[in-house]
Amino acid sequence: MEALQAKFKDWHPRAVVSDTDQHLDKMLSVGTKGGKFYCNPLVSGLSAILIWAFVIWAAVEKETMADDTADAQSWVTDIWNWLYMISQNIWILVLFWLLFKHFNMKLGKDEEEPEFSDLTY
């Protein structure tokens with residue numbers, strides 16, 4: 001128990017200056033970093049419980065689920081529509097930035113001629 005308490009003594013992100021690996025070493029985890037399987041069992045377990053609770057609720061209470069999700073959807077579209085519009089505008093600006101940043105990028109070797117013209121694309 002003392003080893004576990006020592007591992008989580010300084011777990012808060014503000015306590016780690018800028019090294020992500022030090023922060024990950026202090027977190028509860030299963031597996032090894034860089035391996036095939038690495039997860040936080042607390043976060044994964046709570047997520048699985050919440051997802052399955054939602055699925056079971058949807059299967060058991062179909063009418064209630066339909067009404068509640070319709071209410072939630074109307075609330076989201078009424079209240080958060082501005083956020084969606086702003087995020088889409090930002091996304092378009094990012095795409096234009098990428099377009100102009102990589103406009104002269106050549107796909108292939110430097111000495112090769114393009115197979116198709118710009119107009120064909």
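N40 counts as buried, because its relative accessibility is 18% and buried means under 20% relative accessible area, with exposed over 50% and partly exposed in between (1.4 Å probe, protein chains only). The model is predicted: local features need pLDDT of at least 70, side-chain atom pairs count only at pLDDT 80 or more, and totals for chains, interfaces and linings use all residues. Residues are numbered from 1 along each chain as its sequence is written, and side-chain values use heavy atoms, with hydrogens and water left out.

N40 sits in the loop between β2 (38–39) and α3. Helices (H or I, at least four residues) and strands (E, at least two) are DSSP runs, numbered from the N terminus. Setting aside neighbours within four places in sequence, N40 is in contact (heavy atoms within 4.5 Å) with M27, L28 and S29. At the start of α3, a side-chain oxygen of N40 comes to within 3.1 Å of the backbone nitrogen of L42. A polar contact is a pair of N or O atoms within 3.5 Å; within protein, one must be able to donate a hydrogen and the other to accept it, and residues adjacent in sequence count only if both atoms are side-chain atoms.

W57 is partly exposed, because its relative accessible area is 32%. Not counting residues up to four places away in sequence, W57 touches M65 and D68.

Now the chain as a whole. Its secondary structure comes to five helices and two strands, running α-α-β-β-α-α-α from the N terminus on. Of the 121 residues in the chain, 4% are buried. Among contacts with a separation of 6 or more, residues 24 or more positions apart account for 0%.

About 450 Å³ lies in the largest pocket. Of the 15 residues that line the largest pocket, M105, L107, P114, D118 and Y121 are the closest to its centre. On a 1 Å grid over the protein atoms alone, a pocket is an open set of points where a 1.4 Å probe fits, with protein on both sides within 12 Å along at least five of seven lines; lining residues have an atom within 4 Å of a point.

Terms used. Points joined across faces, edges and corners; volume = space filled by probe spheres on them.
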